[in-house]
Amino acid sequence: QVQLVESGGGSVQPRGSLRLSCVASTVDYGNYYLAWFRQAPGKEREAVAATTPGGITEHAHSVKGRFSISKHNAKKTLYLEMNSLRPDDSAMYSCAAVDYVPNWTARWAEKSLYKYWGQGTQVTVSS
């Protein structure tokens with residue numbers, strides 16, 4: 001069982017920045033595929049960014065150039081650096097983990113593949 005706990009959300013003005021963190025409770029952290037998802041009210045949960053055990057990353061088109069996913073294996077922590085935030089980035093952000101994703105490059109955004117989920121941290125972008 002893997003527990004994930006997010007932090008770092010909050011309220012920020014447009015064009016502001018936030019850094020989200022997700023701490024995991026597993027001794028095997030370095031072998032997991034990790035991702036950030038978000039869900040706004042009335043919308044489907046969507047993938048934001050993901051990373052492989054080896055550190056390869058993917059970002060959704062809507063956040064490329066503004067958001068950056070990274071991880072620190074020794075700290076068992078996943079990060080999401082968010083810059084140039086816009087009102088449409090407002091959502092509940094959750095981290096997710098799974099020990100294997102077949103054909104990751106093509107399937108990293110499929111939420112059904114991820115086995116473990118955190119409770120989420122709210123991000124609100126508003127003037």
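Predicted model: local features only at pLDDT ≥ 70, side-chain atom pairs only at ≥ 80, totals over all residues.
Tutor: Residues are numbered from 1 along each chain as its sequence is written, and side-chain values use heavy atoms, with hydrogens and water left out.

Student: What makes the radius of gyration agree with a compact globule?

Tutor: The radius is taken over C-alpha atoms, and the globule rule is 2.2 Å times the number of residues to the power 0.38. With 127 residues the rule gives a value near 14 Å, and the protein has 14 Å, so the two agree. The C-alpha trace spans about 40 × 30 × 25 Å along its principal axes.

Student: Why is the link of Cys22 and Cys95 called a disulfide?

Tutor: The cut-off is a pair of cysteine sulfur atoms within 2.5 Å. The sulfur atoms of Cys22 and Cys95 are 2.0 Å apart, so they pass. A search of the whole structure finds one disulfide. With 60° about the S-S bond, the link of Cys22 and Cys95 is right-handed. Cys22 lies in strand 3 (residues 18-25) and Cys95 in strand 9 (residues 91-98), so the pair ties together parts that are 73 residues apart in sequence.

Student: Are those two cysteines buried or exposed, and how do you know?

Tutor: Buried means under 20% relative accessible area, exposed over 50%, and partly exposed in between (1.4 Å probe, protein chains only). Cys22 has 3%, so that residue is buried, and Cys95 at 1% counts as buried too. Of the 127 residues of the protein, 45% get that label.

Student: What about Ser94, and what does that residue touch?

Tutor: Ser94 is found in strand 9 and is buried, with a relative accessible area of 5%. Contact means heavy atoms within 4.5 Å. Leaving aside neighbours within four places in sequence, the contacts of Ser94 include Glu6, Trp36, Arg45 and Trp117. For the protein, residues 24 or more positions apart account for 61% of the contacts with a separation of 6 or more.

Student: What makes a set of residues a nonpolar core?

Tutor: The set has to be buried Ala, Val, Leu, Ile, Met, Phe, Trp, Tyr and Cys residues joined through side-chain atoms within 4.5 Å. The largest one has 29 residues, and those with the most contacts inside it are Trp36, Leu80, Met82 and Tyr93. Apart from that core lies another, of twelve residues, among them Ala35, Ala50, Val98 and Leu113.

Student: Why is the pair of Phe37 and Tyr114 called edge-to-face?

Tutor: A pair of aromatic rings is described by the distance of the centres and the angle of the planes. Rings of Phe, Tyr and Trp (its six-membered ring) pair if their centres lie within 6.5 Å; planes under 30 degrees apart count as stacked, over 60 as edge-to-face and the rest as tilted. Phe37 and Tyr114 have their centres 5.3 Å apart and their planes at 75°, so the pair is edge-to-face. Tyr114 and Trp117 also form an edge-to-face pair, at 6.4 Å centre to centre and 70° between the planes. Ring pairs link Phe37, Tyr114 and Trp117 into a cluster, and the count by this rule comes to four aromatic pairs.

Student: What makes you say that the charged end of Arg45 sits over a ring?

Tutor: The rule asks for NZ of Lys or CZ of Arg within 6 Å of the ring centre and within 35 degrees of the ring normal. For Arg45, the charged end is 4.2 Å from the centre of the Trp117 ring, and the call is that it sits over that ring.

Definitions and conventions: Helix = DSSP H or I, 4+ residues; strand = E, 2+ residues; numbered from the N terminus.
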